Amino acid sequence: MTDDAVREFLVPDLGEGLIEATVVEWLVAPGDPVTVNQPLCSLETAKAEVEIPSPFAGVVLERRGEPGETLPVGTLLTLIDTAPARGTGREDGTDGAEGEPVLVGYGTHRGTETGRRTVRRRPAPRRPQTVPTDTGRPRAKPPVRQLARALGVDLVSLGSGSGPEGTITRADVHAAAASLATGPAEEPGTEPAAHVLPVRGVRARTAERMTTARREIPDAHCSVTADFSRLLSLRDRLRAELAAEGATPTPFSLLLRLLTLTLRDHPRLNASFVEEGPAVRTYDAVHLGIGTATPRGLVVPVVRDAQELSTVRLAEETARLAAGAREGTLGPGELTGSTFTVSNFGALGVEEGVPVINHPQAAILGVGSIRPRPHVVGSDTLVVRPTARLTCAFDHRVCDGAEAAAFLTALCGLVESPETVLLRI
């Protein structure tokens, strides 16, 4: 082995201003042979969890960072001896010109002063989602590993799973978590069992943003109860019309369509407060952030230029982003840049709540569950209708209560009479 055969691989720059990443798990150990683009480890940033592929073929000499340890971007991640791969032509990962590694999804050292690799916006080829048993690691797909970490389940302790070839499934993890929750009763007078759970990655970023929002934004809120009868009827008609195309509009996607129209009429809700001045910055585009619960914590994927999308396209994009957020496959660019956020806590069975504004935005909409409830129509007629509570939390520096109320009642009016949208076409 010669010094020039030992190559350094630094913690890659994943873009969007991210300056550090947390090691989730290692997929290789010192002494293991690796090929170009073979996954080395999983890193978690404030935006997503990603598998990091090897830029070199060779043998792993050293790895830095234990699971749970945070490493700055640009510091050493692994040392790889490329000597064993020499003499194998293109299999050593070189491009045949200057001997620089061609790493799918990342650039090379060439032309950089810090040695950081910048992301190439090229999708990596799909890799096997299970880990061979000869590594001694349990078989489990990445989403199942994320779920296990979130629930505090040690996959090694489970042994073989119930899936094909012993793959551990979500059901296996939930069963193990349930058994942990129903452990032996404590003896009288003993201290209750306690566990210290580290806060990192997405949850750490959420904690930071929520603290900032509460500290810097003088928020207020208002609510209305909306009758969703006509919107649900419209949903049913659209589903029947679009069944052949496979499109499935949901009440939430229809609400987002009406929300974008309402925000265009009430621009101070699609805005942010600027300390210097002070001033209010309003936005022409509506970039909708959709609060999504995932095993890794709250993630807010962004539907960009929602005002330009058709109802069907908006439904498709919302579903795609929600699925990607839960699976941890979204890129940083899909998780930043929102101008207004929606929290659909009704999907979790919650009837109402007051969401926290996504700093530095001026407002957020909370949507409660749609359920049959007693509802008064006209002056004194009590009926049962599918209703939901809509709550707007807003920055009182940007708009006052009257403006927020006008926005919310306008949205409620469109929900209860969606056909009036035709008057604006």
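Modeller: Start with the core. Of the 45 residues in the largest nonpolar core, those that touch the most other members are L259, L288, F340 and L390. This is a predicted model: local features need pLDDT of at least 70 and side-chain atom pairs pLDDT 80 or more, while totals for chains, interfaces and linings use all residues. Residues are numbered from 1 along each chain as its sequence is written, and side-chain values use heavy atoms, with hydrogens and water left out.

Biologist: What makes a set of residues a nonpolar core?

Modeller: Its members are buried Ala, Val, Leu, Ile, Met, Phe, Trp, Tyr and Cys residues, joined through side-chain atoms within 4.5 Å. Buried means under 20% relative accessible area; exposed is over 50%, and partly exposed lies in between (1.4 Å probe, protein chains only). In soluble globular proteins, nonpolar side chains tend to be buried together.

Biologist: Which residues is L390 in contact with, leaving aside its neighbours within four places in sequence?

Modeller: Contact means heavy atoms within 4.5 Å. The partners of L390 include C222, V224, F228, L255, L365, L408 and L411. There is also a second, separate core of 17 residues, which includes C41, I52, V60 and L77.

Biologist: What makes C392 and C399 buried or exposed?

Modeller: C392 has 0% relative accessibility, so it counts as buried. C399 has 1%, so it counts as buried too.

Biologist: Why is the pair E208 and R205 called a salt bridge?

Modeller: The rule asks for a side-chain nitrogen of Lys or Arg within 4 Å of a carboxyl oxygen of Asp or Glu. E208 and R205 come to 3.0 Å, N to O, so the pair passes. Both lie in helix α4 (residues 201-216), three residues apart, about one turn of the helix. Helices (H or I, at least four residues) and strands (E, at least two) are DSSP runs, numbered from the N terminus.

Biologist: Why is E208 called partly exposed?

Modeller: Its relative accessibility is 46%, so it falls in the partly exposed class. R205, at 26%, is partly exposed as well.

Biologist: What salt bridge does R268 form?

Modeller: R268 pairs with E403, with the closest N and O atoms 3.6 Å apart. This pair links distant parts of the chain, 135 residues apart: R268 is in the loop between α6 (251-265) and β10 (271-274), and E403 is in helix α8 (residues 401-416). Salt bridges that share partners also join R313, E317, R320 and E334 into one network. The count comes to 17 salt bridges.

Biologist: What is the strand order in the open sheet of four strands?

Modeller: β5-β4-β2-β7, with antiparallel pairing.

Biologist: Why do β5 and β7 stand at the edges?

Modeller: β5 (49-53) and β7 (70-72) each have a single partner strand, so one side of each lacks a neighbour in the sheet.

Biologist: How do you know that β2 and β7 pair?

Modeller: Pairing needs at least two bridges found by DSSP. Strand β2 (residues 20-26) and β7 have three, in the antiparallel sense, so they pair. L71 in β7 is the bridge partner of A21.
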